[in-house]
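Hello,

Here is the structure I promised to send over. My notes follow below it.

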Amino acid sequence: MKIAVIGGGYVGLVTGACLANFGHGVTIVEGDPTRYAMLASGKIPIHEPGLEELVALQCEKRLLSFAPDLRGALEGVDAVFLAVGTPSRRGDGHADLTYIFAAVRQVAAALTAPAVLVTKSTVPVGTGRRIANLMQELRPDLAIDVASNPEFLREGKALLDFMRPDRIVVGCAGGHARALLEAIYAPLTARGAKLLVTGIETAELIKYAANSFLAMKISFINEMADICERVAADVADLVQGLGLDSRIGAQFLQPGPGFGGSCFPKDTEALARIAQDAGAPSRLVESTIAANSARKAGLGARINQACGGSVAGLKIAVLGLTFKPDTDDLRDSPALPVMHRMVEDGATVHAYDPQGMEQARLYFDDNVSFHDSAKAALLGADVAIIMTEWAEFQRLSARDMHQWMRGHCIIDMRNVFEPSAFQAEGFSVTGIGRPWSAIQARPLAEIRSTRETGSQRS
Ligand code: UDX
């Protein structure tokens with residue numbers, strides 16, 4: 001099969017490299033000159049485990065190539081995948097479809113033979129129908145079938161999610177588009193992946209509904225964690241008690257500082273708008289958005305409380321800036337409002353993230369000190385805040401932190417640490433939803449007294 005993928009961003013790159021891995025000939029069209037130059041020279045502008053190697057291998061096998069524009073890229077293609085960005089529109093939360101329709105017009109102008117136009121980007125319900133109408137209007141001379149094929153890729157696990165999908169969703173009117181997409185994904189269905197074929201609108205809604213349901217599940221467990229803190233229950237056991245119910249499942253039940261990333265916030269907002277416009281507002285989706293925003297807004301107060309009422313004058317080490325581990329992406333990361341608030345409240349903030357440092361510097365001027373290791377950020381700190389559950393933070397030992405830090409306050413927003421070892425070293429550990437979460441806020445005087453003596457802990 002000959003395939004073009006429009007958009008060399010996160011989704012386009014993963015899709016193009018994996019489709020090439022199936023043996024299809026793939027050209028990824030990237031219109032941004034800087035990004036195109038990076039891709040053409042073999043550099044991958046995102047951190048996604050395994051992607052750089054897979055792209056290099058497919059390019060070496062001449063199954064994958066890059067083009068700066070559509071000229072020549074659509075020659076003889078069987079399918080064109082739209083993988084351009086659909087960011088939230090400023091102010092109203094609707095998905096901005098500027099790039100989608102610009103790409104559709106360019107494809108319409110460049111096509112010289114029939115092909116299937118497949119929307120991989122996340123688009124509001126009804127967009128596929130609009131694309132089909134536009135294509136018919138622009139190229140009545142060509143039989144262009146339109147399909148929806150939403151992605152369910154998690155950052156940090158994208159190749160796994162593509163190669164071992166729980167399901168492949170295809171929305172189309174049937175006929176040629178269905179047969180073509182069944183052939184494209186045959187390597188996955190041959191290994192048992194389920195391919196669900198439905199209408200275009202249903203496929204578009206499945207994507208939003210899936211992300212919104214997962215976001216709702218996270219907000220639910222975050223609220224249960226808040227209850228646990230007030231009734232001395234333990235959310236870790238509560239998660240087990242819920243997750244062992246096969247109807248609930250244990251995934252996406254880890255409490256934390258709130259969800260972030262480039263998808264959940266954007267897709268819940270878009271679905272809320274779609275529902276409102278359709279005259280069937282979703283109070284559950286709207287509540288999920290509100291609960292998550294309130295949670296992030298409340299993190300500063302949680303930190304001040306754990307520090308005895310105020311962080312003014314304290315040296316705070318923030319470990320983890322990305323919205324989740326195994327990515328360099330800080331979009332909507334809860335670490336961002338936390339760090340801004342700590343600076344506003346008079347703390348000096350020192351930060352470290354294994355992958356997110358370059359991106360982080362774009363969000364802060366010189367009011368935050370960035371370090372190249374956890375140790376460097378922790379040296380002399382009164383307080384350590386774990387914002388992202390990177391594996392390397394789970395390996396930090398209580399003894400090391402005791403050596404490095406000046407104070408003894410740990411605020412673990414991801415329940416990374418098993419507190420007993422840290423409490424044995426004299427640390428107060430405030431987790432999320434753990435029985436000791438709300439009772440460990442040491443009086444400020446005690447935290448400061450350690451500071452005043454200036455004693456580098458023995
Ligand atoms: C998500 C969907 O999982 C994926 O299917 C879709 O295609 C894109 O959006 P992603 O945004 O990469 O993927 O990250 P994900 O792993 O889903 O985490 C999203 C947010 O939820 C992160 O901020 C993460 O920290 C948070 N989260 C996730 C929790 O707080 N608790 C959990 O149990 C799981």
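How much area do domain 1 and domain 2 bury between them? About 770 Å², with 55% of it on carbon and sulfur atoms. Buried area here is the accessible area (1.4 Å probe) that two parts lose on being put together, summed over both. On the side of domain 1 that touches domain 2, three residues are nonpolar, five polar and three charged. Nonpolar covers Ala, Val, Leu, Ile, Met, Phe, Trp, Tyr, Cys and Pro; charged covers Asp, Glu, Lys and Arg; the others, Gly among them, are polar.

Some background. This is a predicted model: local features need pLDDT of at least 70, side-chain atom pairs count only at pLDDT 80 or more, and totals for chains, interfaces and linings use all residues. Residues are numbered from 1 along each chain as its sequence is written, and side-chain values use heavy atoms, with hydrogens and water left out.

The protein chain is assigned domain 1 (2-198), domain 2 (218-295) and domain 3 (299-453). These bounds come from an automatic or database domain assignment. The C-alpha centres of domains 1 and 2 lie 30 Å apart. Eleven residues of domain 1 are in contact (heavy atoms within 4.5 Å) with ten of domain 2.

A polar backbone atom of Glu155 is 2.6 Å from a ligand oxygen. A ligand nitrogen is 2.9 Å from a polar backbone atom of Gln254. The protein covers 92% of the 660 Å² of accessible area (Shrake-Rupley, 1.4 Å probe) that the ligand has on its own.

Best wishes

Methods: A polar contact is a pair of N or O atoms within 3.5 Å; within protein, one must be able to donate a hydrogen and the other to accept it, and residues adjacent in sequence count only if both atoms are side-chain atoms.
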